[in-house]
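Thanks for coming. Please look at the structure first.

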Amino acid sequence: MKVFDQIVDQARLSPRHVVLMEGEDERVLEAAGRIVDEGIARVSVVGAAEPVRTRLAELGVDPAKVNVVDPSDDALASRLGSRLLELRKHKGMTAEEAERLARQPLYASLLMVAGGEADGCVGGAVHATADVVRAALQVIGVAKDAELVSSFFLMLLCEEFHQRKGGALFADCGLVVDPNAEQLAEIAITTAATARRLLHEEPRVAMLSFSTRGSASHPVLDKQARALEIIKERAPDLAVEGEMQFDAAFVPDVGNKKAPGSAVAGTANVLIFPDLEAGNIGYKIAERIGRAGAIGPVLQGLAKPVNDLSRGCSVQDIVRVAAITCVQAQQRTEVGAA
């Protein structure tokens with residue numbers, strides 16, 4: 001079974017309530033219909049009630065199956081505004097400002113999640129990533145067991161010509177611009193845990209660079225070396241190798257030659273880039289030239305699931321990110337129950 005089919009199947013086992021915050025976008029409305037019809041999640045769409053319901057019907061989506069949340073509703077804005085005020089009054093936010101923000105779809109969606117009225121939300125088809133992340137940090141906050149909010153792309157290798165089939169996680173390709181060694185270690189450990197849950201296989205982490213096991217020498221490599229030390233201290237059982245070139249991490253024959261005896265070489269499924277510049281370039285090359293499917297950026301490290309989209313996203317992208325959001329919400333519930 002393909003990697004993403006497994007994720008969808010998992011979402012369907014216990015559909016969660018996912019909010020799509022950009023109901024004015026036709027892609028979002030079409031995706032809402034697909035998410036519900038495929039049994040992936042229960043869906044609320046945020047936007048002006050009548051135009052959204054009308055457009056849903058025009059797109060062939062049964063409006064009765066999709067909950068429409070109108071943030072301009074006075075009672076809703078008052079309730080959500082009070083929630084935001086409690087969260088942000090220590091920062092000097094006033095009641096008037098809180099209610100004004102609560103009338104915005106971005107904040108209304110996040111406040112629904114913060115208050116337990118929904119399990120997760122998805123945005124970014126209209127909003128910039130920076131706006132989504134900034135608001136999520138204000139309303140949702142960082143998880144108690146996390147030190148950093150980062151992101152990953154789930155890369156799907158499903159084409160016939162892909163010699164290696166399956167999924168891999170690339171991080172951080174969308175959020176942390178220039179992580180220091182401690183942050184790089186946190187990204188690696190968090191992404192490894194995510195890979196274990198999403199891919200249902202043990203993570204094998206490669207700390208990517210232009211050198212493998214000291215084949216090159218340069219001060220820029222010191223960050224990976226220090227990050228590796230931190231990872232081994234914090235997660236001694238994690239299979240991790242660094243610094244490592246991409247071909248050594250991904251291609252078995254090359255890995256055997258460049259890093260003989262490594263538990264990671266040639267089989268890495270978690271690839272940690274040294275900075276956002278390399279990560280963003282890397283995932284786009286894999287997507288555009290290598291024709292790997294790229295889902296994300298998916299956020300990790302927040303207290304509750306909030307995920308971002310590219311403003312150039314397709315309907316399929318929205319459906320896929322909603323499925324991952326549902327699975328994240330399931331796992332959060334399981335962890336809380338434990």
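The UniProt entry, which is unreviewed, annotates residues 3-326 as "domain: Phosphate acetyl/butaryl transferase". UniProt positions are in the numbering used here, feature names are shortened, and annotations may be inferred rather than shown by experiment. This is a predicted model, where local features need pLDDT of at least 70 and side-chain atom pairs count only at pLDDT 80 or more, while totals for chains, interfaces and linings use all residues. Residues are numbered from 1 along each chain as its sequence is written, and side-chain values use heavy atoms, with hydrogens and water left out.

The span 3-326 is 45% helix and 17% strand, and its end C-alpha atoms are 16 Å apart. Helices (H or I, at least four residues) and strands (E, at least two) are DSSP runs, numbered from the N terminus.

Now the pockets. A pocket is an open set of points on a 1 Å grid over the protein atoms alone, where a 1.4 Å probe fits, with protein on both sides within 12 Å along at least five of seven lines; lining residues have an atom within 4 Å of a point. A volume is the space filled by probe spheres set on the points, which are joined across faces, edges and corners.

The largest pocket holds about 770 Å³ of space. Its lining has 26 residues, and Ala143, Asp145, Arg197, Gly301 and Leu302 lie nearest the centre. Which helix gives the most to this lining? That is α8, with seven residues. Where does the largest pocket lie? Domain 1 (3-141 + 303-336) and domain 2 (150-293) both give residues to the lining, so the pocket lies between them. Those bounds come from an automatic or database domain assignment.

The second largest pocket has about 500 Å³ of space. Of its 23 lining residues, Phe170, Phe246, Phe250, Val251 and Ala286 lie nearest the centre. Helix α12 gives the most to this lining, with four residues.

Last, the rings. There are three aromatic pairs in the structure. Rings of Phe, Tyr and Trp (its six-membered ring) pair if their centres lie within 6.5 Å; planes under 30 degrees apart count as stacked, over 60 as edge-to-face and the rest as tilted. Phe153 and Tyr283 have ring centres 3.8 Å apart and planes at 20°, so this pair is stacked. Phe153 is in strand β5 and Tyr283 in helix α12, 130 residues apart, so the pair links distant parts of the chain.
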